[in-house]
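Here is a friendly note to read alongside the model. Please keep the structure open and find each element as it comes up.

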Amino acid sequence: MTKAYQVKSPILFLVFNRPEVTKLVFDEIRKAQPSRLYIAADGPRGNRPDETDLCKKVLEIVDQITWPCTVQRLVRTENLGCRDAVSGAIDWFFSNEPEGIILEDDCLPEPDFFRYCDYMLEHFRDDTRFRHVAGCNLQLGKIWNTASVYYSNQTNVWGWASWARVWKDYDKYLSRYEASEVEDQFAKIFSDRFAIEFWVQIFKDLKSGKIDTWDYQLTIINFFNNGLSVIPNVSLIKNIGFGKGATHTLDEANAYSQIETGTLGQITLPKYVLPQKDADFAVTFRELNLKEKWRVYNKPKNRIRRFLKL
């Protein structure tokens, strides 16, 4: 029997109220045997009496440390919500560690995920062009080069790794940036008008507090820093949290719920240190349904309306 890879990097495990998926992910962490493990748990919501018991069951699962390990815990007694709970936990993690791996309770890693993260964290440790190491691949089988990975401007967060040097720029309120400025900046990143409009609206919704999340901010800050991400050409993470009980991934029929995972084998890197713009656009095209948006935009009656407004 092949011995499991023992991860070198510290791991932050983010948990909440789903014992079933938590156990599956924690079993993979147990196999990797990190020497330093950080566990952050959000508290039950006041309007959900069943959550107290669910959160308790989750904590019982992650208390089962059966290998030599230094464990630190951040357990909330009240619910902070997605934005504050996750970003606060990552603040805590990177205040203690210069680099590391972040896993949420529904992000099931392949064993090779841990070896991959160790390699990339070390290889790009001092290369400030790189800001993010993604574990998942959203290309639905499309391969973009002959290397093990491709470079991107996107920050996929279904299992990822990064450095404290990057997280210090994180701002959940995007307080450094103004809505009046960002449209021009997004136009430097995207060539598609609907993609620009989407991200401008996301920016405004984040600033106004309409969206309770933490990850859009990470992506936007990466855009504005022209940062590079590493993305494996085969997904090393499967999101097992689609459906009932999820916060954002509610649609069980979503194509991303069926992503096939694999292993990388010998890790090779691209020759050129440039983002694969076509790969990024392929994801944007699919997620924003740009084909349909352009079809509606180019209908004759809509072209006439635009002409009459000139």
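**Notes on helix packing and a buried strand residue**

1. Let's begin with two helices that meet: the axes of helix H7 (residues 193-208) and H8 come within 11 Å and cross at roughly 125°. Axes here are lines fitted to C-alpha atoms, for helices over the stretch in contact, with angles from 0 to 180 degrees between N-to-C directions. Helices (H or I, at least four residues) and strands (E, at least two) are DSSP runs, numbered from the N terminus.

2. A word on the source: this is a predicted model, where local features need pLDDT of at least 70 and side-chain atom pairs count only at pLDDT 80 or more, while totals for chains, interfaces and linings use all residues. Residues are numbered from 1 along each chain as its sequence is written, and side-chain values use heavy atoms, leaving out hydrogens and water.

3. Now compare a second pair. The axes of helix H6 (residues 179-186) and helix H8 (residues 215-224) come within 11 Å and cross at roughly 65°, so H6 and H8 are roughly perpendicular. Val182, Gln185 and Phe186 of H6 meet Ile220, Phe223 and Phe224 of H8.

4. Next, have a look at helix H3 (residues 81-96). Its 16 residues reach 23 Å from first C-alpha to last, close to the 22 Å expected at 1.5 Å a residue; the expected span is 1.5 Å times one less than the number of residues. H3 is mostly covered, with twelve of its 16 residues buried, among them Arg83, Trp92, Phe93 and Phe94. Buried means under 20% relative accessible area, exposed over 50%, and partly exposed in between (1.4 Å probe, protein chains only).

5. Finally, find Ile102 in strand E4 (residues 99-104). Why does Ile102 count as buried? Because its relative accessibility is 1%. Leaving aside residues up to four places away in sequence, Ile102 touches Leu12, Leu14, Phe93, Phe94, Gly159 and Trp160. Ile102 and Arg83 are 19 residues apart in sequence and 15 Å apart in space, C-alpha to C-alpha.

Methods
Parallel < 35°, antiparallel > 145°, perpendicular 65-115°, else oblique. Contact = heavy atoms within 4.5 Å.
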